[in-house]
Amino acid sequence: MRRPLAPLAAATAVLFAAPALLVGALGAPAAAAGGDDAGTGNDSFTIQDPRITESSGLAASRLHPGVYWTHNDSDDGPYLYAVDSATGETVARVTLTGIGTPRDVEAISIGPGDRIFVGDIGDNLDGTWPHVWIYELPEPRELRDQTVRATQYVVTYSDGARDAESLVVHPKTGRVYIVDKKEEGGHLYEGPEKLSASGGNVFRPIAPVDLWATDAAFSPDGRRLAVRSYFGGIQYKWDDATDGKIEREGRLGVPLAGQGESVSYSADGSRLMYGSEGEQSPVEAREVPGGGGAGDGGGKGGEPSGDDGSAAGEDGDGIGGDGLGAGVIGVVVVGAALLGLRRLFRRG
């Protein structure tokens, strides 16, 4: 969603006025663009397409190595963009047919059978829409500009309308979940076992999520759920989700880059890819705490971050990662900037 840019720029300027003090807080990317992992989808990159100005969701392709699917937030149209992470260039734009006019598209996820799910689930009026929509389509096997027919699902919540920006599809079961967006923390909502295109689909809360969620993603093996906010993130173990519980595993080191809106695991599960809105927006790679999630929980990730190694507060809504370690002055600078950013996003 669009918000005034001046306060954001001012707060960002405060952050980077003392870069040496912030190195420990921000952490380092897992790999720079063009590094050893170039072409695998594990590197940071920058979206080059001038049509993509509000990248609000991100999903790693299973069919096309190194490609990520994204979309604009609002005021665009029924479009998905396939971006080659090796160059940052768009290699295909898909136009969805068979649906109505998108209202506030906020999330994208890929489920079993290479099925893409798109969440038209935003509610800028904070719980006014009587329903929202999910669109489902097959991931194209050929990357070119094309039109693809999608299935549209009508979605409501058991406890009333709400704003949400996070939609995830479990890679093994195909079940769809939504995390609502509340500054004080929201909930994970579970959809029906199978979505219905002919009737309503009621999502019910099954577990609290302790931060102001702007996106979420499942690891490729379905054993972890990453949820991010503007300022931080949490990684959960998924083993107990069927009991209405998700086990908090640790905080995530979310980079500060403009308006942080999206997250995806890389296709091999070794990286978390963090995106943001804006023209030529960066997508930054970070190693997955505790290892990857491609199949056996192993991978190239680092050690678990733990609940004590982050700048985040109890709600996980902080910079996260490897701890501040930059001195009291760095803490003050970061705190002041984040306060300004919180006020900005609260107004939005």
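Colleague: Over how many bridges do β15 and strand β16 pair?

Modeller: This is a predicted model, where local features need pLDDT of at least 70, side-chain atom pairs count only at pLDDT 80 or more, and totals for chains, interfaces and linings use all residues. Residues are numbered from 1 along each chain as its sequence is written, and side-chain values use heavy atoms, without hydrogens and water. Strands are DSSP runs (E, at least two residues), numbered from the N terminus, and two of them pair if DSSP finds at least two bridges between them. β15 and β16 (residues 224-228) run antiparallel, and the bridges number four.

Colleague: Which strands stand at the edges of the open sheet?

Modeller: Four strands form the sheet, in the order β15-β16-β17-β18, with antiparallel pairing. Two of them have a single partner strand each, so one side of each is left without a neighbour in the sheet. They are β15 (215-218) and β18 (247-252).

Colleague: Which residue is the bridge partner of A217?

Modeller: Look in β16. The partner there is A226.

Colleague: Is S44 buried or exposed?

Modeller: S44 sits in the loop between α2 (19-26) and β1 (45-46). Its relative accessibility is 11%. Buried means under 20% relative accessible area, exposed over 50%, and partly exposed in between (1.4 Å probe, protein chains only). S44 therefore counts as buried.

Colleague: How many Å separate the backbone nitrogen of A285 from a polar atom of the side chain of S44?

Modeller: The S44 side chain supplies one atom, and the A285 backbone supplies the nitrogen. The distance between them is 2.9 Å.

Notes: Polar contact = N/O pair within 3.5 Å; in protein donor to acceptor, adjacent residues only side chain to side chain.
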